[in-house]
Amino acid sequence: MEEVYPDIFLIKEKGAYGAFKPPQNIYIIAGSDGLIIDAGYGDKKTVKYAVRQIRALENEFRGEKRDFSLNRLLITHAHPDHFSGAVKLREALGIKIILSNLTAARLESRKIFFEKFAATREQLMRSKRTLIGRIKDFLRERIGHFMFARAFGLTLINNPDLTIPENCEISINGENWRIFPSPGHASDHISLYNEKKGVLFSGDNVLRTITTWLGPPDSDLEDYIKSIEEISNLKNIQLILGAHGSPITNPTERLAEILEHRKERLKQIENLIVDSSENGITPSEIVEHLYPGEGMWKHSIARGYVVLTLEYLEKLEKISRKLEKKGIIRFYPTYSK
Ligand SMILES: [Zn+2]
């Protein structure tokens with residue numbers, strides 16, 4: 001366990017299966033009335049590891065005759081790498097689970113939860129699908145559900161102890177922290193900030209080296225950019241603690257870099273479409289252009305982002321779509337260079 005700021009500790013959970021189950025962070029704000037941020041994975045081994053780390057921290061505090069009370073757990077958003085361990089941690093540690101109203105609504109039932117992962121938007125703009133395509137999509141979805149359940153130890157939270165608005169204050173060790181909505185990556189995403197310390201818990205929105213995943217049906221590019229801009233405008237921001245990877249000690253630079261990267265990608269996709277002129281271009285061709293020679297896995301991850309960007313450019317009326325024979329969607333520029 002690493003102390004990333006005085007009395008704020010990071011438990012790094014090991015991942016598995018490469019990008020499918022990335023290493024995940026759990027944070028502890030330790031003290032007389034502390035808080036755990038995010039619950040990590042819910043498989044037995046990982047939960048056991050987290051509990052052991054928390055017990056060790058408690059012993060350390062008691063050894064130093066310092067108050068240690070850790071009664072609450074806050075979840076940043078309803079993605080399985082962040083909440084799956086919550087119910088088991090509650091059982092093991094006797095803590096209360098706090099969810100935002102939006103997160104609580106998403107974790108109520110399996111049906112609602114999985115709806116947010118169904119790759120709709122015309123199955124990521126493959127448009128009209130063949131029977132084989134449909135069977136493939138169905139199987140992919142089933143396998144996805146099965147992998148989530150097994151690898152992540154997925155456990156929904158249909159009985160949180162406390163639900164809170166997305167915009168509110170919370171007292172931690174006698175200090176006020178602000179909770180605010182930061183949708184984009186997930187529509188229910190919240191962040192936690194203490195202006196005096198300049199410390200932000202950013203969940204998945206701001207990560208040190210990884211580009212945050214965005215894709216339908218739940219992500220929104222416009223919301224994401226707005227959230228990053230709002231975070232950039234926080235007064236006195238000094239340290240960002242993301243849900244994956246190491247602490248960000250240069251928040252201003254990293255936030256500017258993220259915004260720049262998104263703008264660049266947007267321009268890149270727009271240019272591809274303008275260059276295609278009267279021939280138009282399909283989402284698959286755009287993915288291939290952006291990630292030449294990459295495998296199916298990387299392409300399927302990138303595809304969600306491309307689809308969101310296309311919708312955004314359509315909304316700005318910079319491009320328009322046309323459905324062709326065999327259900328192929330092509331995008332055309334609404335202007336020429
Ligand atoms: Zn997430």
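Is glutamate 270 buried or exposed? Glutamate 270 is buried, at a relative accessible area of 4%, where buried means under 20%, exposed over 50% and partly exposed in between, with a 1.4 Å probe and protein chains only. The structure is a predicted model, in which local features need pLDDT of at least 70 and side-chain atom pairs count only at pLDDT 80 or more, while totals for chains, interfaces and linings use all residues. Residues are numbered from 1 along each chain as its sequence is written, and side-chain values use heavy atoms, with hydrogens and water left out.

Glutamate 270 forms a salt bridge with lysine 267 at 3.7 Å, N to O, the term standing for a side-chain nitrogen of Lys or Arg within 4 Å of a carboxyl oxygen of Asp or Glu. Both residues belong to helix H9, three residues apart, about one turn of the helix; helices here are DSSP runs (H or I, at least four residues), numbered from the N terminus. Lysine 267 is partly exposed, with a relative accessible area of 42%.

Helix H9, which covers residues 251-276, also holds arginine 254 and glutamate 257, again three residues apart, and their closest N and O atoms lie 2.4 Å from each other in a salt bridge. In this pair arginine 254 is buried at 10%, whereas glutamate 257 is partly exposed at 47%.

Elsewhere, glutamate 314 and arginine 321 meet in a salt bridge of 2.8 Å, N to O, with glutamate 314 partly exposed at 22% and arginine 321 partly exposed at 30%. Salt bridges also link Arg55, Glu58 and Arg62 in a network, and the whole structure contains 15 salt bridges.

Note on methods: Helices (H or I, at least four residues) and strands (E, at least two) are DSSP runs, numbered from the N terminus.
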